[in-house]
Amino acid sequence: MSCSRRMRMPEAYKPQEIEPKWQQTWEADGLYKAVIDHEKPKFYALTMLPYPSGDIHIGHWYAMAPSDVRARFKRMQGYNVMFPMGFDAFGLPAENAAIQRRIHPKEWTLNNIDRERHQLRSMGAMIDWDREAISCLPGYYRWSEWFFLKFYEMGLAYRKKAPVDYCPSCKTTLAREQVVGDERICERCGAPVVKRDLEQWFWRITKYADELLDFSKIDWPERIRLLQTNWIGRSEGAEVVFRVTPEDLPEDADPGTGDLLVFTTRPDTLWGATFMVLAPEHPLVNAITKPAYHEAVHAYQLQATRQTEIERLSTEKEKTGVFTGAYAINPVNNARIPIWVADYVMMGYGTGAIMAVPAHDERDFDFAIKFGLPVIPVIARPDGVAKSLVFPGSVPEAFAAELEAAGFSFYAAPVGSAGMGLHVTLQGQEEIERYVVLVGKELLPGNWCEVVGSGWHFIFTDTVKTLDSVETDQEILARCKSLYEPVQDNRTTMEMVHNLPFYRDVLFHHESGIMIHSDAFSGTPGDVARQQVTAWLDERGLGHAAINYRLRDWLVSRQRYWGAPIPIIYCDTCGAVPVPYEDLPVLLPDDVDFMPTGESPLKYHDGFLNTTCPKCGGSATRETDTMDTFVCSSWYQYAYLSPYYREGESVSGNASPWDPAEQAYWAPVDTYTGGAEHAVLHLLYTRFFTKALRDAGVLHFDEPMLQLRNQGIILGEPRSGDCVDVSGTWEGAAFRATSLTVYSFENKETWPPPTRTDVRVRGEVMDRDEMSLKVRTTEGGGLTVVLVDEDLEMEFPDQEGTGSLADVLYHLDVEKMSKSKKNVVSPDTLVAQHGADVVRAYLMFGWRWEQGGPWDSQGIEGVTRWLSRVWHLILDPPHEREAADEETNRELDRAVHYAIKSVTEDLETFSFNTAIARLMEMTNALSKVRGATWPTDLWNEAVSTLVLLMAPITPHMAEELWARLGKPYSVHQQTWPTWDEAKLVEDTVEIPVQVNGKVRGRITVAAGATDDEIKQAALEDENVQRHLEGVQILKVIVPRGQLVSIVVR
RNA sequence: GGGGAAGUGUCGGAAUUGGCAGACGAGCAUGACUUAGGAUCAUGUGCCGCGAGGCGUGCGGGUUCAAGUCCCGCCUUCCCCA
């Protein structure tokens, strides 16, 4: 290579130089300021605001960078885009840090925000920082308080004493949505949650339950809609009143005391309600329990409080319960039915009292069998199946032959030690009736035979009884007892037949079906049964149609300091009095002493606590509970419209909480992105908030965010553990270290081989705790526990020096990132190494965005190479020139327009990974034709198109290249390129030819070729012909000119 | 137990919605350039087979000229609810 050609070394891509430069320029120019412009359509792009925990991690980037890309894309498409950012700054971690490290929560929070704001800026996002809103500042939370007052005024906020979820570790109550999983643990800290009876503030989100079920106005992921729908848990049914029999009530009881309100989704099963069950917490339990039962009931109530909800509700669990001694009247048939207390009924669902229909509810059935309560079937089995066991010796020998001749299906098998019995399975009413007649004729004296599942007939020698009421239950049982000694101990007919395993699968069902044994309703088909019974109940004043929701009102009180104060004052004479709007904000005092217990210091802050009643002027105290932080994040999308609006001014209850002009232009949010983990928390609350504020006249639309998309989670990268080489002695099964050397997982090739001898153990560290390591000492598995004394000095040859046990890295599979596992990926490090543009592009390229997955530290190199290739492709002249031809030009054109089309469509649909893939393809296509087309107009056009398409993704590099191409600042103010369909059409196309579904050849035809021409070419193909020899062509198909399919025989 | 989502090379992942399975990238292999390579460039890379060819999208059936995609039945994983 000659010296002259080496004169100018190609300049390398150096993001570390380019990126800060442009960030400063954009900042100085206010390039991303969102200003109302009625000439342009608006686009409000929003990504979930971070909690300022101290570090922006790769998960934040994964969520925000693609959102930023899409916001930029929309901007280039001609929208006036607002992309704001703020911080969800109240919350427990700040307060815990205050307690542990003696830093004020405000200081801790604001320091973190400073740091995180800086980290976020390094992303180069188009965030309009002028609109930043921080929820813990008075200018912000004064409006959170204002909303509280508004909701109070509207009757949406109320205070009541109720059993609420309480986290003993966080020392505060929680909303039901914050209690997660089967174990009922605290969403924040993972401690098991307990129930406490406390006076708390609630917001009436249930008033909006039906409207929250309507997603017709929003484009939200199916998954979120499903989760919210399930959470709201609407069920239709009826409310029915069961009266406690008057003699079971105390003499001084007020009228109506004994009315037990029951919600049921199955009013059609009312006739089968043979007992009632109250939740142990039900307020009426104590009043109705008969003196003789008091002790047992009380003991049971105590025991129930110690169990978790999931234990109580499990269908697996052995049922427990106690009888109260009292009875109620079933309103449909005036049957006197016993009232029990059992923990499988919860106070939180429905009314805390159920009518038990053991024949058609699994839990009720188990309970009835266990406690000997009657089970009366009232809904026919939809499958019509019945079973009958003909007992040994109850019929003549010839009966089996008779059954056979009559076409019944049965088999003979031993019944215990009693001999061979006939196990008959019947299907349908006609067959059952025939069977009953047949058995009735043949039954020997002193026997009976039953048909269960359908029919429920008990055939005796003199009569046939049907199990259709509590009375017949006892009558049948008494007859059976007199005939057969072993059933003496059975308490109900159902218990008796339940003892025969043959019957088990047909005794109970929960499907809808024709009503039976239900007086005038018998015969009512299942599809209309519920409505008809409900209407009948309504007519007679026994009940009415009702809807029940699983959703509970939102508990907003928190017994902590670091939150927005609840603006309520308690006065001995006036009660709970709202702080006047004009007096807001109720300021959180700064000079507080934090209790090591976590108890709210507001309770002991005289200046905050003591005040005067706004109504009577007397001395009064403030509410010391603060609001759930989800209150602040329920309206932050509106806070960005005009942050800290009218701060310092006194405003009335009629004020607008934000600039009306800003709201009219920007709201609601057009595209919202964030994690799916908030499906029934933030995402449900913010919808409620918007609807409530609409009803308050503050907003004029129904939904806060029109489109929602969720990103997945980036998990930790699996990694090998370090290798340790330990000398020491055996202590039983464990090995005590006397000296220990650690070889880094990064230099696996230098590791010594695994060993396990009397004095030495060596291998990869698979796990670690405070005092020991688990070491893999054989290739296959074989873990050895190595005990390490606290003061043992360890050598780390790979990092020169010594360290402690905590510095030893252990084997990690794919897990969530966490500091303690040392598998956290820091965007700061990545940006320093590769540049922000590379990190942004990699996060888009490496995963399906909505799915996420484990981090891959190797893959990022591919993106680095790509950007570097783009850089040199555009800035360096080609080494070799080639002659251009028309075909090359068309190929280039096609590549450009194909890229425009697919990148546009992919960004629109959040398919970020394929958008990048198409850009890489475009880059490859450009390098292929560079020698021939550089530097023609066509080439220049192609190159600037590439820069424009990359501008949202790699904003810094695009700006730099744009400038170096001599184009006017800024690339981000340019118009998004459009494609020409005509240019996508190829001159010739390659078409595969299939013979019987297998590709046997490829033909090249002109783009516009007719189907006949394509067929012709296909049949002429050499390889295809080889496969057509000696066979008969049945047909030839050319679908859409895409391929040829030849069917032969 | 009910509901939902998913299952594709060594890995991340594509596949115009029924039309060439494996785009794009990582990794690996070979070669070139190099004092050197964890740089760069080029080529190859689903599996079996020397080959023609065969087999391949969790498993088993089905529909179709054609199935990763549609239908039926299973298995596994994750999430939500009970």
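## The chain at a glance

Welcome to a predicted model. Chain A has 1049 residues, and 53% of them count as buried. Its secondary structure comes to 31 helices and 45 strands. If you look along the principal axes, the C-alpha trace of chain A spans about 120 × 105 × 80 Å.

How do contacts link up the sequence? Among the contacts in chain A with a separation of 6 or more, 71% are between residues 24 or more positions apart.

## Surface and charge

The accessible surface of chain A comes to about 46,700 Å², and carbon and sulfur atoms hold 50% of that area. Chain A also carries 104 positive and 150 negative charges.

Now for the first stop. Strands of a sheet pair through backbone hydrogen bonds, and they can do so either parallel or antiparallel. Here, three strands form an open sheet in the order E19-E20-E21, with antiparallel pairing. Strand E19 (448-451) and strand E21 (464-466) stand at the edges and have a single partner strand each, so each has one side without a neighbour in the sheet. Direction ignored, neighbouring strands are turned by 20° against each other on average.

Strand E20 covers residues 457-460 and is joined to E19 by four bridges. Which residue of E20 stands opposite Trp 448? To find the pair in the structure, look for Phe 460. A helix packs on this sheet too: H14 (residues 470-483) touches E19, E20 and E21. The direction of H14 makes about 40° with that of E20.

## A sheet of four strands

The second stop is an open sheet of four strands, ordered E43-E42-E45-E44, and its pairing is mixed. Its edge strands are E43 (998-1006) and E44 (1033-1037), each of which pairs on one side only. From one strand to the next, the twist averages 20°.

Strand E45 (residues 1044-1048) runs antiparallel to E44, and four bridges join the two. One place to look is Ile 1037, whose bridge partner in E45 is Ser 1045.

Which strands does helix H30 touch as it packs on the sheet? Helix H30 (residues 1011-1020) is in contact with strand E42 (988-995) as well as with E43, E44 and E45. Its direction makes about 130° with that of E43.

How values were computed:
Residues numbered from 1 in each chain as written. Chains lettered and ligands numbered in written order. Predicted model: local features only at pLDDT ≥ 70, side-chain atom pairs only at ≥ 80, totals over all residues. Heavy atoms only, no water. Pairing = 2+ DSSP bridges. Axes fitted to C-alpha atoms, helices over the stretch in contact; angles between N-to-C directions. Contact = heavy atoms within 4.5 Å. Buried < 20%, exposed > 50% of the residue type's maximum accessible area, 1.4 Å probe, protein only. Areas by Shrake-Rupley, 256 points an atom, 1.4 Å probe, with all protein chains shown as cover. Lys, Arg positive; Asp, Glu negative; His and termini not counted. Charge placed at Lys NZ, Arg CZ, Asp CG, Glu CD.
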